[in-house]
Amino acid sequence: MKASEIIAKLESGDLNDELKKVYVTDSAVEEQKPRYISTLKKFVELFGDDRQVMVLSAPGRTEICGNHTDHNNGKVLAGAINLDAIAVAAKSDEMVIHEKSEGHGMNTVDISDLTPDESCYGKSASMIKGVAAGFKNNGYEIGGFDACTTSDVMGGSGLSSSAAFEVLIGTVLSHLYNDGQVDPVTVAKIAQYSENVYFGKPSGLLDQMASSVGTFVTIDFESTKNPVIKKVQYDFSKSGHSLCIVDTHGNHSDLTDDYAAVRGEMESVAQAMGKSVLREIEEDDFYKEIPQLTKKVNDRAILRASHFFNENKRVDNAVKALESNNFDEFKNIITSSGYSSYMYNQNVFTPKNPTEQKLSLALCVSQQLLEGKGAWRVHGGGFAGTIQAFVPNEILEEYRSEMDAVFGKGSCYVLIIRPVGGARVI
């Protein structure tokens with residue numbers, strides 16, 4: 001369909017079923033329509049209305065369990081969320097990609113030359129070129145296209161707006177030039193390749209995989225070259241809960257050393273035991289070695305290593321709970337993960353500024369509201385930023401109101417686990 005034809009069908013409700021496959025609820029579908037129509041109108045304004053277009057989507061993601069485990073080859077559980085990046089796209093006759101993101105300038109990317117350029121690190125155009133290069137390197141077809149994109153995945157929220165964008169570009173190339181046949185795992189690996197080699201950020205695979213695959217996904221990084229990826233079948237819409245991400249508006253500056261210390265201290269334990277990363281060590285051997293480790297590494301490193309081993313087990317148990325439809329047990333595991341991050345991994349506030357503890361405050365208030373009812377934990381890297389909570393729908397408004405009262409209006413984002421990953425919507 002042409003862009004104008006899609007706009008008419010959106011306005012008439014003829015495409016509600018297509019949108020509902022992605023956004024789940026009728027109310028969410030109605031909320032999405034103005035955004036879709038606005039992006040389609042922008043495409044017509046910039047590129048005309050004489051071509052067949054597609055509308056595609058890729059979600060942000062949330063880490064659910066497996067806090068600070070991936071960098072030591074551990075296990076993680078993540079989920080795609082209903083915040084997403086969307087694209088209105090059409091083929092062009094040139095080997096050039098024109099991409100206009102809402103609020104940003106036009107990216108013009110010549111894909112006849114796919115050589116990485118370090119001087120372009122950090123630019124979204126580099127992500128686009130890297131995804132195209134990844135497709136070509138893997139034997140897939142590539143070609144030029146024109147696209148207008150927009151995203152409601154908040155930057156800096158730990159919900160992976162960059163991964164959503166990379167997966168979106170991969171989804172566009174899959175559907176425009178490869179009949180949608182590039183599998184989600186391959187799209188995710190290509191997106192990671194783009195971020196590492198072309199964007200200049202040495203990220204792991206978690207963010208891109210959760211965005212591309214959709215719903216709940218667990219990843220075992222024992223082999224970083226060939227991680228074991230499993231889609232977890234669970235219908236979150238039937239859980240009776242909402243997923244909340246609370247932005248505590250803490251100070252993100254000067255946290256690089258804190259993040260690096262988590263990985264470095266875990267690896268110091270591994271190295272003291274003759275290995276490179278903790279995953280190479282048997283848990284029983286670690287605990288037997290603690291008397292000797294106290295003479296070789298600092299105490300916090302030992303605590304963080306203990307968190308790693310137990311968090312890996314929690315990931316397995318959380319997956320089992322979901323697959324057996326035991327959401328109460330799942331919530332217990334998630335809360336236990338949060339306590340471990342607080343007490344042992346110690347990534348809830350920075351020791352550089354111990355009197356500022358906004359994450360701790362959010363967890364404290366969450367416990368008062370949710371104990372015996374929901375689940376709560378630090379979200380992502382920690383030290384500042386966001387917490388995550390699974391909130392029973394019957395007390396959702398109370399929880400949101402209280403969090404907004406403490407941290408400011410709009411601080412509590414109510415999300416759902418999205419059932420699909422990168423996808424053609426229309």
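**The second largest pocket**

Tutor: Seven elements each supply at least two residues of the lining of the second largest pocket: α2 (16-23), α3 (26-47), β2 (75-91), β7 (228-232), β8 (241-247), α13 (396-407) and β11 (412-415). These are DSSP runs numbered from the N terminus, helices being H or I of at least four residues and strands E of at least two. This is a predicted model, where local features need pLDDT of at least 70, side-chain atom pairs count only at pLDDT 80 or more, and totals for chains, interfaces and linings use all residues. Residues are numbered from 1 along each chain as its sequence is written, and side-chain values use heavy atoms, without hydrogens and water.

Helix α3 gives the largest share of the lining, four residues. The volume is about 620 Å³, the space filled by probe spheres set on grid points joined across faces, edges and corners. A pocket here is an open set of points on a 1 Å grid over the protein atoms alone, where a 1.4 Å probe fits, with protein on both sides within 12 Å along at least five of seven lines; lining residues have an atom within 4 Å of a point. Of the 30 lining residues, Tyr23, Val24, Thr25, Asn82 and Ile416 are the closest to the centre. By class, 14 are nonpolar, ten polar and six charged; Ala, Val, Leu, Ile, Met, Phe, Trp, Tyr, Cys and Pro count as nonpolar, Asp, Glu, Lys and Arg as charged, and the others, Gly among them, as polar.

Cys412 is buried, at 6% relative accessible area, where buried means under 20% with a 1.4 Å probe and protein chains only. Its sulfur lies 3.9 Å from that of Cys244, the closest cysteine sulfur, which is too far for a bond.

Conventions: A disulfide is a pair of cysteine sulfur atoms within 2.5 Å. Buried means under 20% relative accessible area, exposed over 50%, partly exposed in between (1.4 Å probe, protein chains only).
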